[in-house]
Amino acid sequence: AGYRNSIELATFLDCVPLLLTIGDAFSKFWGFRAMTVLLSGLPGKLRDKEVEYVNKSVIFKAGGPRLVHGLVLSLLDQGASDLIRMVMSDILQSVLCSFAD
């Protein structure tokens, strides 16, 4: 429930679209890595699908098409660091692919 409570904070929602504007690759990686945990939960922990669904809905409504466009562009950008590509692909995988439970 901790994820669900923090994801609904207005300050968090204001920050989601701003993640794409971060210029420093290291900072951008950790910003999006935190988002990955909100979307997928912690590795090795029991998943709460209801919380994941709420988190995904809130994040993608806050970021809108601009967020999805930015994620895809980051994967296609030849100049993007491997860290950025890795975290962006993790986010897209968590949204587009189902997990085997």
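Predicted model: local features only at pLDDT ≥ 70, side-chain atom pairs only at ≥ 80, totals over all residues.
Visitor: How is the packing of two helices described, and at what angle do helix H3 and helix H4 pack?

Guide: Two packed helices are described by the angle between their axes and the distance between the axes. In this model, H3 (residues 25-40) and H4 (residues 49-76) pack at an angle of about 140°, with their axes 9 Å apart. That makes H3 oblique to H4, since the roughly antiparallel class holds angles over 145 degrees. The crossing in which H3 passes H4 is left-handed.

Visitor: Which residues of H3 and H4 meet?

Guide: From H3 come Phe32, Met35, Leu38, Leu39 and Ser40, and they meet Glu52, Asn55, Lys56, Ile59, Phe60, Leu67 and Leu71 in H4. Sorted by class, this contact of H3 with H4 has 8 nonpolar, 2 polar and 2 charged residues.

Visitor: What span does H4 have between its end C-alpha atoms, and where does H4 bend?

Guide: At 1.5 Å a residue, a straight helix of 28 residues would span 40 Å, whereas H4 spans only 30 Å between its end C-alpha atoms. H4 bends by about 95° at Gly64, with a proline, Pro65, following within four residues.

Visitor: How do the axes of H4 and helix H5 cross?

Guide: The axes of H4 and H5 (residues 82-96) cross at roughly 130° and come within 11 Å, and the two helices are therefore oblique to each other. Here too the crossing, with H4 passing H5, is left-handed. Among the residues making the contact are Phe60, Leu71 and Leu75 of H4, and Ile84, Met88 and Leu92 of H5. By class, the contact of H4 with H5 has 9 nonpolar, 3 polar and 2 charged residues.

Notes. Residues numbered from 1 in each chain as written. Heavy atoms only, no water. Axes fitted to C-alpha atoms, helices over the stretch in contact; angles between N-to-C directions. Parallel < 35°, antiparallel > 145°, perpendicular 65-115°, else oblique. Left-handed = near helix turned anticlockwise from the far one by under 90°. Contact = heavy atoms within 4.5 Å. Nonpolar A, V, L, I, M, F, W, Y, C, P; charged D, E, K, R; others polar. Expected span 1.5 Å × (residues − 1). Bend = angle between axes of the 7 residues up to and from the residue.
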